[in-house]
Amino acid sequence: MPSKSTSPPPDTKQPSCPACGIAMRLERRLPDPRYINIQHMIFGCTCGWTSDQLIAEK
Ligand SMILES: [Zn+2]
């Protein structure tokens with residue numbers, strides 16, 4: 001049974017926190033206000049660091 005969209009797509013690299021070096025977790029994805037095929041993947045760390053990665057969808 002495949003689970004639904006709790007993990008990022010396979011080509012999305014999970015970033016590690018520049019402050020602690022641990023893997024950050026995906027908090028949410030937001031559509032870009034200007035480009036319909038761009039998604040912002042918001043990663044967060046327990047220390048409070050957040051990272052915004054842009055993903056282009058086809
Ligand atoms: Zn951290």
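Reply: One term first: a residue counts as buried under 20% relative accessible area, as exposed over 50%, and as partly exposed in between. Keep in mind that this is a predicted model.

Me: OK. Where does R29 fall, buried or exposed or in between?
Reply: R29 has a relative accessible area of 35%, so it is partly exposed.

Me: And which side chain does R29 meet in a salt bridge?
Reply: That of E57, with an N to O distance of 2.6 Å. R29 is in strand β1 (residues 25-31) and E57 is in the segment after β3 (50-56), so the pair ties together parts that are 28 residues apart in sequence. E57 is partly exposed as well, at 32% relative accessibility.

Me: How many salt bridges are there in the whole structure?
Reply: The search finds two. Besides the E57 and R29 pair, there is one between the side chains of R25 and E27, at 3.6 Å from N to O. E27 has a relative accessible area of 42%, so it counts as partly exposed.

Me: Then which residues are the protein donors of the zinc ion?
Reply: C17, C20, C45 and C47, each through its SG atom, at 2.1 to 2.4 Å from the zinc ion. Along the sequence, the donor residues follow the spacing C-x2-C-x24-C-x1-C.

Me: What arrangement do the four donor atoms make?
Reply: Tetrahedral, because the angles they subtend around the zinc ion are 106 to 114°.

Me: Which of those cysteines are buried, and which are partly exposed?
Reply: C17 is buried, at 3% relative accessible area, and C45 is buried at 9%. C20 is partly exposed at 40%, and C47 is partly exposed at 43%.

Me: What does C45 touch, leaving out residues up to four places away in sequence?
Reply: C45 touches C17, C20, I22 and M24. Of these, C17 and C20 are also zinc donors.

Me: Last one. Which residues make up the largest nonpolar core?
Reply: There are six: C17, M24, M41, F43, C45 and I55.

Note on methods. Residues numbered from 1 in each chain as written. Predicted model: local features only at pLDDT ≥ 70, side-chain atom pairs only at ≥ 80, totals over all residues. Heavy atoms only, no water. Salt bridge = Lys/Arg side-chain N within 4 Å of Asp/Glu carboxyl O. Buried < 20%, exposed > 50% of the residue type's maximum accessible area, 1.4 Å probe, protein only. Helix = DSSP H or I, 4+ residues; strand = E, 2+ residues; numbered from the N terminus. Donors = N, O, S within 2.8 Å, 3.2 Å for Na, K, Ca; no water. Tetrahedral: all angles 85-135°; square planar, octahedral: opposite > 155°, others 65-115°. Core = buried A, V, L, I, M, F, W, Y, C linked by side-chain atoms within 4.5 Å. Contact = heavy atoms within 4.5 Å.
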